[in-house]
Amino acid sequence: MNETPEVAVLRLGHRPGRDERMTTHVGLTARALGADRVWIPDNAGQSLETVADITDRFGGPFEAALTDSPQALIRDWEGRVVHLTMYGERIQDVESEIRSAREDDREPLLVVVGSEKVPFDVYEAADWNVGVTNQPHSEVAGLAVFLDRLFEGRELEREWEDADREVIPMETGKRVESLED
Ligand SMILES: C[S@@+](CC[C@H](N)C(=O)[O-])C[C@H]1O[C@@H](n2cnc3c(N)ncnc32)[C@H](O)[C@@H]1O
């Protein structure tokens, strides 16, 4: 009843070959930085498998799914839509309004990131078009900064469930502990 409203990420568009790592990294970043789910275009099945595999090994909860109708997903979303774009309003000017929509008005959020040219319909359908700076950079960088601002850093303290391994932070070297008995 008092559940936290969902934060979902939609990766819009995927150019096979060229976008493989980027689409995978959108999914991995969504997971690592506190989103509840990612939708990936249905021509990016390998990215989906990688994100699902990381979730199996390093924990969740996190859902990854393919979509063949991203525009319908945006249209039918029961909550608010944020579209990350270099042309949008400055994140520092709108972040508190977006946080309040989620935390006070209990609205689920759909965060849309593009790959190639994003159709203008998406700009119109979004409740906020948000620029993480108004400089061109990357969907992965934009998503990371946006999620960190949305959660105000709390995502960094997150506990993971059902992991079969855990990285032990250390000053030098690499240590991974098995959590399986
Ligand atoms: C490499 S860009 C290409 C955008 C494309 N040229 C267009 O006009 O829509 C891919 C995605 O990165 C994200 N992105 C790039 N720069 C951004 C910025 N400054 N702020 C927020 N998102 C950004 C957007 O989601 C964008 O759709």
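Biologist: Which residues of strand β6 point one way, and which the other way?

Modeller: In this predicted model, W128 and V130 point one way from β6 (residues 128–131), while N129 and G131 point the other way.

Biologist: Are the residues W128, V130, N129 and G131 buried or exposed?

Modeller: All are buried. Buried means under 20% relative accessible area.

Biologist: What makes β4 and β6 a pair of strands?

Modeller: Five bridges join strand β4 (residues 80–90) to β6. At least two bridges are required, so β4 and β6 pair. The two strands run parallel.

Biologist: Why is α1 called roughly parallel to α6?

Modeller: Helix α1 (residues 20–32) and helix α6 (residues 139–151) pack at an angle of about 10°. Angles under 35 degrees count as roughly parallel, and therefore α1 is roughly parallel to α6. Their axes lie 9 Å apart.

Biologist: Which residues of α1 and α6 meet?

Modeller: From α1 come M22, H25, V26, T29 and A30, and from α6 come E139, V140, L143, A144 and L147. Of the residues in this contact, seven are nonpolar, two polar and one charged.

Biologist: Why is E49 called exposed?

Modeller: E49 has a relative accessible area of 53%. Exposed means over 50%, so E49 is exposed. E49 is found in helix α2 (residues 45–58).

Biologist: How many residues apart in sequence are E49 and A65, and what is the C-alpha to C-alpha distance in space?

Modeller: E49 and A65 are 16 residues apart in sequence, and their C-alpha atoms are 9.5 Å apart in space.

Methods: Residues numbered from 1 in each chain as written. Predicted model: local features only at pLDDT ≥ 70, side-chain atom pairs only at ≥ 80, totals over all residues. Heavy atoms only, no water. Axes fitted to C-alpha atoms, helices over the stretch in contact; angles between N-to-C directions. Helix = DSSP H or I, 4+ residues; strand = E, 2+ residues; numbered from the N terminus. Parallel < 35°, antiparallel > 145°, perpendicular 65-115°, else oblique. Contact = heavy atoms within 4.5 Å. Nonpolar A, V, L, I, M, F, W, Y, C, P; charged D, E, K, R; others polar. Buried < 20%, exposed > 50% of the residue type's maximum accessible area, 1.4 Å probe, protein only.
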